[in-house]
Amino acid sequence: MRREKARYCLTQMWRIRLFEQKLQSLYQEGKIHGTIHSCVGQEAVAVGVTNALHARDLMTSTHRNHGHSIAKGMSTYGMLAEILGKKTGLNQGKGGSMHLFDMEIGALGSNGIVGGGFPIATGAALASVMQKTGEVVVCFAGDGAVNQGSFHEAANIASIWHLPVIFVVENNRYAMSSDIKKMVNIDKLSKRAESYGMKGVTIDGNDLELVEATLKEAADDARKDLGPMLVEAMTYRQAGHSKSDEEVYRSKEEYERWKRENDPIIRFKQKMIDEGHLSIEEVKSIQEEQVLELKTVFAYVKRDKAPSLDVLCANVYAGRVGELID
Ligand SMILES: Cc1ncc(C[n+]2csc(CCOP(=O)(O)OP(=O)(O)O)c2C)c(N)n1
Ligand SMILES: [Mg+2]
């Protein structure tokens with residue numbers, strides 16, 4: 001891995017983690033309405049996947065969407081403003097955390113409906129084929145989402161029509177408080193791919209380089225009309241499910257072990273140092289740069305105003321028929 005690439009990957013992972021940590025404290029201060037879902041511990045999936053995509057490729061995200069969005073290139077300013085309900089937000093502050101959308105960077109939207117991204121991503125892949133754009137679509141989903149009917153319908157149609165969609169299932173072991181071991185009777189979720197006649201693989205999702213290499217192959221195949229793929233990325237969420245989670249469903253030991261032995265940032269920076277791509281000083285300064293960047297972003301966002309009543313009501317309520325035609 002070249003030095004610049006190593007810098008980029010670590011920068012992106014820190015950008016995501018610090019963003020999530022900032023949200024956590026803003027939430028505790030009562031400054032965020034609605035809810036948020038932290039992806040701390042899952043950063044390597046977001047960065048590895050999006051590294052393998054072309055800028056024009058598309059993605060759909062989930063309720064745990066901040067990492068995917070930042071990694072794909074969404075502005076942290078626009079995101080933070082959106083989450084804090086400011087008119088400078090990506091959706092003028094009307095959508096909040098679970099409705100981050102930015103067509104400029106191919107982000108077709110996050111989704112508060114578990115499994116809601118499958119049909120959207122599959123439809124976008126069909127559009128890509130029909131319009132011959134060459135775009136590949138990544139559909140992020142959680143382990144809980146593959147038990148939804150939408151997964152099975154999308155997987156089947158994507159396979160029979162050879163659509164360029166890659167289903168990236170982030171298996172963080174839990175769907176809210178439900179342990180994956182109690183929710184499915186197979187050892188690997190990627191096994192489900194076979195029953196739809198598509199390729200499926202389970203990988204270590206906290207190994208950024210492996211995630212990127214796997215996705216690169218999947219995207220190359222999709223571009224060659226070789227059809228969709230299911231990639232199960234094993235990972236772990238280090239935070240609670242959302243903001244009200246007593247975490248009685250997992251042990252402290254399990255959590256501590258993942259944090260200590262399998263944190264994607266610690267693993268990546270250690271590997272880069274060991275392989276001589278980055279020095280200890282560089283690794284430190286990357287983190288410091290990101291602390292400063294986020295501080296600056298927040299300082300500006302904080303001063304922004306909430307949307308006016310007119311803006312708040314626009315595109316929310318349907319007008320009278322006459323108004324709509326006008
Ligand atoms: C259709 C639907 N059912 C239930 C919910 C409530 N819900 C929100 S997140 C979640 C768990 C999702 O788990 P998973 O897919 O593993 O994603 P993770 O939260 O672990 O990232 C549930 C059940 C929902 N939002 N939508
Ligand atoms: Mg999960």
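Let's begin with the open sheet: this predicted model has one made of five strands, and reading across, the order goes β1-β2-β3-β7-β6, with parallel pairing. At the edges sit β1, residues 58-60, and β6, residues 199-204, and each of these pairs on one side only. If you look at how neighbouring strands of the sheet lie, they're turned by 20° against each other on average, ignoring direction.

Now zoom in on one end of that order. Strand β6 runs parallel to β7, which covers residues 229-234, and six bridges join the two. For a landmark here, find T202, which stands opposite E232 in β7. Packed on the sheet you'll also see helix α9, residues 208-223, which touches β3 (165-171), β6 and β7. The direction of α9 makes about 175° with that of β7.

Next, have a look at ligand 1. It has 14 residues around it, and the closest are R64, V114, G142, G144 and A175. What kinds of residues make up this shell? Six are nonpolar, six are polar and two are charged.

Last stop: G115, in the loop between α4 (76-83) and α5 (117-130). Is G115 buried or exposed? It's buried, because 22 other C-beta atoms lie within 10 Å, and 20 or more is enough to count as buried. Leaving out residues up to four places away in sequence, G115 touches A141, A145, Q148, S150 and F151.

Note on methods:
Residues numbered from 1 in each chain as written. Chains lettered and ligands numbered in written order. Predicted model: local features only at pLDDT ≥ 70, side-chain atom pairs only at ≥ 80, totals over all residues. Pairing = 2+ DSSP bridges. Helix = DSSP H or I, 4+ residues; strand = E, 2+ residues; numbered from the N terminus. Axes fitted to C-alpha atoms, helices over the stretch in contact; angles between N-to-C directions. Contact = placed C-beta atoms within 7 Å. Near = placed C-beta within 6 Å. Nonpolar A, V, L, I, M, F, W, Y, C, P; charged D, E, K, R; others polar. Buried ≥ 20, exposed ≤ 12 C-beta atoms within 10 Å, placed from the backbone.
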